[in-house]
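Notebook open, structure loaded. I want to look up the sheet and then the aromatic rings.

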Amino acid sequence: MTENNQDWLELVDSIGNFLAPSMAKDHPNLPVEKAEGCYYYGTDGTKYLDFTSGIAVENVGHRHPKVVEAIKDSADHLVHGPSGVVMYESILKLAEELQGILPGKLDNFFFGNSGTEAIEGALKLAKHVTNRPYVISFTGGFHGRTIGALSVSTSKSKYRKHLQPSWLTYQLPYANPDEAPNDVDPEVYFPEKLEDEAKKLFRHQVDPEEVACMIVEPVLGEGGYIIPPKSWLKKIREICDRHGILLIFDEVQTGFGRTGNWFAAQTFDVTPDIMAVAKGIAAGLPLGVTIASKELMKQWPMGSHATTFGGNPIACATARASIGVIKEEKLLENSREVGTYALNRLMKLKEKFPMIHDVRGVGLMIGMAFKDPKTGEPDGDAVMKVLDGCLEKGVLFYLGGNSGEVIRIIPPLIVTKDQFDHGIKVLEEVLETL
């Protein structure tokens with residue numbers, strides 16, 4: 001135990017005296033002093049294998065040497081813009097590099113500070129260029145906690161309590177393959193179901209000519225790592241095209257290699273009109289981007305949307321370094337290869353333990369859903385016991401899902417099969433104790 005570890009623990013216990021509990025009381029409040037690669041290092045010297053990536057942020061691993069070098073070099077030259085008042089190389093070079101990895105005509109960028117800001121920008125852009133008032137999102141989606149983003153977020157009702165975040169929105173059901181009838185192909189069932197649901201919505205509640213956009217997570221993130229059929233996402237694209245509705249992909253969690261491609265849009269072969277990205281873009285520094293075509297962006301007049309800190313020079317330099325690492329170390333390939341390996345290993349745990357209801361994943365975005373074998377109800381209590389047990393053995397996982405019933409497995413894209421073997425071994429040991 002380090003000399004100051006007891007002081008650390010006392011400080012953590014007194015969090016409520018300093019930090020707002022709405023965020024600071026998250027699980028597990030692990031006291032750490034540094035991180036490197038796929039590991040956190042606790043204040044007591046314990047080494048923790050990290051399967052959270054700082055919630056899908058540290059895609060190239062903690063403190064990658066090339067990221068650290070980019071931060072130091074940028075700080076030696078320029079710490080703050082602001083973009084527009086001054087112009088600097090890192091923001092322009094980053095935009096150029098993003099053009100090379102994005103699908104379709106997604107080639108123009110508004111740089112902000114976070115995923116929520118990227119979503120707010122996307123919604124504002126869609127409403128401005130269409131001059132339409134309404135937005136459609138999908139039940140279970142999480143897009144952020146500011147009022148605009150919250151108005152299209154429905155992963156948990158508690159996020160919306162007392163806030164009345166209407167903002168002229170409607171919801172359609174997300175395609176959860178677990179809810180398809182046993183004798184029906186989800187690739188057929190869900191597009192047909194969506195077509196019918198959309199027609200009813202347009203017939204009874206909102207005329208499609210008044211809908212500015214549909215916004216969707218290609219894979220549900222906070223909502224439980226639910227992976228929809230590709231045909232369902234294609235049907236959304238088709239409905240949008242039919243009615244002149246813009247399609248927004250929230251790729252805040254799925255972007256930058258998480259699904260085995262640069263973006264889930266490429267994984268599912270569906271290109272949106274507007275995309276929001278953040279998290280994995282800048283290896284831990286605050287950066288978010290609203291992305292669209294030049295044709296859409298040029299309809300946004302100067303000053304209609306702006307930022308003081310967005311596109312920070314250091315964050316942009318870090319994002320460039322991170323993109324370079326993903327390319328040089330072939331992390332897209334690693335995401336696919338190790339993700340498939342891990343999914344197959346975890347499927348064997350599902351066969352062994354009845355409390356594991358489902359294992360699903362794409363790339364290194366994997367979810368394990370738990371249900372009580374007796375009642376069939378989602379079992380968030382079991383998940384917390386598993387998380388705590390794994391933490392005691394030096395492995396950090398995170399939760400998700402409406403009832404906290406899903407273990408999210410989101411390691412850095414540099415993770416190896418050996419590291420996954422260790423994490424799964426610990427998971428199995430803890431599950432056996434339950």
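This is a predicted model: local features need pLDDT of at least 70, side-chain atom pairs count only at pLDDT 80 or more; totals for chains, interfaces and linings use all residues.

I get an open sheet of seven strands, running β4-β10-β9-β8-β7-β5-β6, with mixed pairing. At the edges sit β4 (108-112) and β6 (169-172), each of which pairs on one side only. Going from one strand to the next, I read an average twist of 20 degrees.

**β5 and β6.** Next I looked at how β5 is held to β6. Strand β5, residues 134-138, runs parallel to β6, and four bridges join the two. I noted one partner: V135 is bridged to T169 in β6. I also checked what packs on the sheet here: helix α8 (residues 186-204) touches β5, β6 and β7 (211-216). The direction of α8 makes about 150 degrees with that of β6.

**β7.** Which strand joins β5 by three bridges? That is β7, and β5 and β7 run parallel. I found I136 opposite M214 in β7. Then I moved on to β8 (residues 246-250), which pairs with β7 in the parallel sense over four bridges. Here I215 stands opposite I248 in β8. To get from β7 to β8, the chain passes through helix α9 (residues 230-243), and I logged this β-α-β crossover as right-handed.

Is β7 enclosed or open? Six of its six residues are buried, so β7 is largely enclosed by the rest of the structure.

**Rings.** I searched the whole structure for aromatic pairs and got ten. F142 is in the loop between β5 and α7 (147-150), while Y159 is in the loop between α7 and β6. The pair therefore ties together parts that are 17 residues apart in sequence.

Are these two buried or exposed? The cut-off for buried is under 20% relative accessible area. F142 comes out at 17%, so I count F142 as buried. Y159 is at 15%, so Y159 is buried as well.

Elsewhere I found F51, F397 and F420 linked into a cluster by ring pairs.

**Lysines over rings.** Last, I looked for charges on ring faces. K34 lies over the face of Y41, 5.4 Å from the ring centre. I also have K417 over the face of Y341, at 5.3 Å from the ring centre.

Methods
Residues are numbered from 1 along each chain as its sequence is written. Side-chain values use heavy atoms; hydrogens and water are left out. Two strands pair if DSSP finds at least two bridges between them. Axes are lines fitted to C-alpha atoms, for helices over the stretch in contact, and angles run from 0 to 180 degrees between N-to-C directions. Contact means heavy atoms within 4.5 Å. Buried means under 20% relative accessible area, exposed over 50%, partly exposed in between (1.4 Å probe, protein chains only). A crossover is right-handed if, with the strands pointing away from the viewer, the path from the first strand over the helix to the second runs clockwise. Rings of Phe, Tyr and Trp (its six-membered ring) pair if their centres lie within 6.5 Å; planes under 30 degrees apart count as stacked, over 60 as edge-to-face and the rest as tilted. A charge sits over a ring if NZ of Lys or CZ of Arg is within 6 Å of the ring centre and within 35 degrees of the ring normal.
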